[in-house]
Amino acid sequence: MNLVKLCTSFLILLTFCATADATIAVKDDLGRSVSLGGPAARIVSLYAGHTENLIAIGARKNLVAASVTDDKKIVGDLPRLPLKPGVEQILALRPDLVLVRSMQANAQMPLFERLESLGVPVLVLDPPSWGEFAPYLALLGRLSGYEDGAKSAAARAKKLMAAGAKPPSVGVFLVVQGRTTSTCDPNSWAAHVMALAGGRNVATGAKPTSPGSTIAPFGPERLLAADGEIEAIVLQQGAMNGTTAREFAADPRFARMRAVRASRVYDVSEADISRPSLLRLEASVKNLRKIFSQ
């Protein structure tokens with residue numbers, strides 16, 4: 001083989017290796033294998049948690065659209081798509097990756113299958129658990145090309161998560177759905193955030209409604225039976241619950257509860273307490289610590 005052919009073959013081999021190295025292969029939370037040709041430079045994020053954590057790792061400029069449920073104070077002038085966007089709306093943004101959670105994917109599968117048939121990768125990632133948060137940030141870093149930012153973000157998250165050295169001392173009940181007085185799964189993000197803030201979850205025996213759910217039925221009778229342990233009641237405000245602290249305290253069923261009589265019933269943002277978001281974690285814990293210390 002002459003020198004020219006040898007050099008040409010070597011360059012082809014280098015190009016092939018570089019392309020192979022750039023490929024990102026991921027198995028998503030629906031068990032599907034999704035491949036990208038390289039880090040995504042134009043990302044449509046249809047779940048607010050993914051949006052906020054991409055921003056947290058420094059990948060804000062890679063976002064070309066978010067969901068209408070995203071906080072405008074966080075996403076600024078970034079286009080926000082409706083809960084049920086159309087194929088054309090997404091294609092017009094020329095994305096090289098669409099991020100969703102499984103609840104959305106299952107509800108709108110024809111939309112996402114159509115996008116994939118047109119060459120737009122759709123990756124289904126559910127909100128991470130407390131213990132999976134650092135690997136989740138690392139994955140976002142790989143997908144966006146911000147691996148260093150993801151490492152820094154994961155280190156910061158670990159530091160914040162380790163800050164609650166003392167055992168939780170204040171007995172707390174979190175109301176996730178006021179109508180049924182459902183609470184959170186004891187292993188949920190919300191339960192960990194409360195513990196980090198010094199709140200001792202009194203509903204440790206609550207069982208999730210289904211595998212993967214963060215909602216656990218509790219019921220008024222069980223709530224009243226736990227009254228002796230409850231020093232504060234927190235109602236998350238958002239899509240899952242519309243009952244306010246004032247309405248809860250005015251309910252005759254709960255009028256004699258210790259926390260109600262002591263005016264220790266509080267509203268908190270559902271996004272702050274239940275959404276796995278590095279952008280929110282520190283402020284959320286500080287707010288809850290203030291509440292629990294009253």
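Helices and strands here are DSSP runs numbered from the N terminus, and that is the numbering behind saying that Asn62 sits in the loop between α2 and β4 (63-67). What you're looking at is a predicted model, with a mean pLDDT of 91 for the protein.

**Overall picture**

- The protein has 14 helices and 13 strands.
- Along the principal axes, its C-alpha atoms fill a box of roughly 90 × 40 × 35 Å.
- Of the 294 residues, 47% are buried.
- Take the contacts between residues at least 6 apart in sequence, and 65% of them join residues at least 24 apart.

- On confidence, 91% of the residues reach a pLDDT of 70 or more.
- The stretch to watch is residues 3-20, where pLDDT stays under 50.
- For that stretch, the model has two contacts beyond four places in sequence.

**The largest pocket**

- Which of them gives the largest share of the lining? That would be α5, with four residues.
- Sorted by class, the lining comes out as 23 nonpolar, 17 polar and eight charged residues.

- Rolling a probe the size of a water molecule over the atoms shows where empty space is left.
- The largest cavity holds about 40 Å³ of space.
- Its lining is made up of Leu46, Ser67, Pro82, Leu83, Pro85, Gln104, Gln108 and Phe112.
- By class, that's five nonpolar and three polar residues, with no charged ones.
- The second largest cavity has a volume of about 40 Å³, and Val268, Ser269, Asp272, Ile273, Ser284, Asn287 and Leu288 line it.
- Two or more of those residues come from each of β13 (265-269), α13 and α14 (278-292).
- The biggest contributor is α14, with three residues.
- The lining of the second largest cavity splits into three nonpolar, three polar and one charged.

**Helix α9**

- Is α9 mostly covered or mostly open, and how many of its residues are buried? It's mostly covered, with six of its eight residues buried.
- Those buried residues are Trp189, Ala190, Ala191, Val193, Met194 and Leu196.
- Just after α9, Gly198 takes a positive phi of about 100°.

**His50**

- His50 belongs to helix α2 (residues 48-56).
- With a relative accessible area of 0%, His50 falls under the 20% cut-off and therefore counts as buried.
- Its side chain makes a polar contact of 2.7 Å with the side chain of Tyr136.
- Beyond neighbours within four places in sequence, His50 is in contact with Ser45, Leu99, Val100, Leu125, Asp126, Tyr136 and Leu140.

- Asn62 has a relative accessible area of 6%, so it is buried.
- The Asn62 side chain reaches the backbone oxygen of Ser144 at 3.1 Å.
- Setting aside neighbours within four places in sequence, Asn62 is in contact with Ala40, Ala41, Arg42, Ile43, Ser144 and Tyr146.
- Ala40, one of those contacts, is placed in the loop between β2 (33-36) and β3 (43-45).
- A relative accessible area of 2% makes Ala40 buried.
- Not counting residues up to four places away in sequence, Ala40 touches Asn62, Asp96, Leu97, Leu143 and Ser144.
- Put together, Ser144 is in contact with Asn62 and with Ala40.

Terms used. Residues are numbered from 1 along each chain as its sequence is written. This is a predicted model: local features need pLDDT of at least 70, side-chain atom pairs count only at pLDDT 80 or more; totals for chains, interfaces and linings use all residues. Side-chain values use heavy atoms; hydrogens and water are left out. Buried means under 20% relative accessible area, exposed over 50%, partly exposed in between (1.4 Å probe, protein chains only). A polar contact is a pair of N or O atoms within 3.5 Å; within protein, one must be able to donate a hydrogen and the other to accept it, and residues adjacent in sequence count only if both atoms are side-chain atoms. Contact means heavy atoms within 4.5 Å. Ala, Val, Leu, Ile, Met, Phe, Trp, Tyr, Cys and Pro count as nonpolar, Asp, Glu, Lys and Arg as charged, and the others, Gly among them, as polar. pLDDT is the predictor's confidence in each residue, from 0 to 100. On a 1 Å grid over the protein atoms alone, a cavity is a set of points where a 1.4 Å probe fits but cannot get out, and a pocket is an open set with protein on both sides within 12 Å along at least five of seven lines; lining residues have an atom within 4 Å of a point. Grid points are joined across faces, edges and corners, and a volume is the space filled by probe spheres set on the points.
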